[in-house]
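Dear colleague,

I am handing over the structure that we spoke about, and below it you will find my notes on a few of its residues. Please read them beside the model.

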Amino acid sequence: GDDLKAILEAAQANDLFALMPGDYSAQEINITKTIGIKGARPYDKPVLTGTIFYLKDGAGLSLKDLVLDGTGSVSGNQMIIYGTALPGSTYGDLSIEDCIIKNYTKGTLYVNVAALIESVTIQRCIYFNIECNGGDFIDFRNGMAKRFTYTENTAYNSALSRDFFRMDAGGSTNFPGITSVIHISNNTFNKVCDGTSRRILYIRLASNQITFTKNILANTLGYYSNQTATNIVAMANNNYWNAPNFTASTTSNAKNDTGVYTTLDPGFINAAEGNFKVSNAVLIENLIGDPRWMK
């Protein structure tokens, strides 16, 4: 019954808020200090509907054990949007763990200002029905993260006509000399970037190091990248099912996987209903994809 928007906007630095199970309707929330928000009972996650977080003044944010549903958001914007930091400041860490994120129109994360983020960590989340109408799934235009980690997540029915990880050169223009270290592993991607001109890695930072390993990419016509700046330092043990353009794209300057990979049918139990439990023994044995579906 509390006013969630008022409480979060009045928070002190490093406050942690535990939300009881239930439905919360809180629209645009300004985050100006580093805080955390988590579900009090992980097995019964609270649902935040139409919520968009605006991070300002170098704030950090931790989200854990929440359902974030973009349905009915006033602006239809991305779930998290960065505003300009105070002069000389760097944003704190962004952490999103064990969340279910769905139905956002433009995307999930938008950094179109000169924001330098220490670390972005996204782990063990499920994303679906992220339309990406007007933005990319994860969309850095003029900011950057020193470390970006995306592991053990599932994303499906999303970014069907946009790119997935977008990190533009504007981040390097604003923060020259910074190398962004990007680690993407053990994820399941199903029906994302489903078009021959759509990229999983649209990375144009002047200095970046990308590892992309042990992921499942299924049911998509997308491909990796056609950008010379996209610096994939490790690509190994990924599995491509009904996803031919990650190994054989004919797009000019396409980066195809020419190393160790498989093209096995994961045998998803019911992908149409969001059940990506794997029945293929080889993928289970080698722990390819989001581990939640191996149990």
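In which strand is the place of glutamate 97? Glutamate 97 lies in strand 10, residues 94-97, where strands (E, at least two residues) and helices (H or I, at least four) are DSSP runs numbered from the N terminus. This is a predicted model, in which local features need pLDDT of at least 70 and side-chain atom pairs count only at pLDDT 80 or more, while totals for chains, interfaces and linings use all residues. Residues are numbered from 1 along each chain as its sequence is written, and side-chain values use heavy atoms, with hydrogens and water left out.

Glutamate 97 counts as buried at 18% relative accessibility, given that buried means under 20% relative accessible area, exposed over 50%, and partly exposed in between (1.4 Å probe, protein chains only). Leaving aside residues up to four places away in sequence, its contacts (heavy atoms within 4.5 Å) include Leu63, Asp65 and Arg124.

Threonine 51, in the loop between strand 5 (47-49) and strand 6 (52-55), is buried with a relative accessible area of 0%. The side chain of threonine 51 reaches the backbone oxygen of alanine 26 at 2.6 Å, and residues that threonine 51 touches, again not counting those up to four places away in sequence, include Ala26, Asp69 and Tyr104.

Methods. A polar contact is a pair of N or O atoms within 3.5 Å; within protein, one must be able to donate a hydrogen and the other to accept it, and residues adjacent in sequence count only if both atoms are side-chain atoms.
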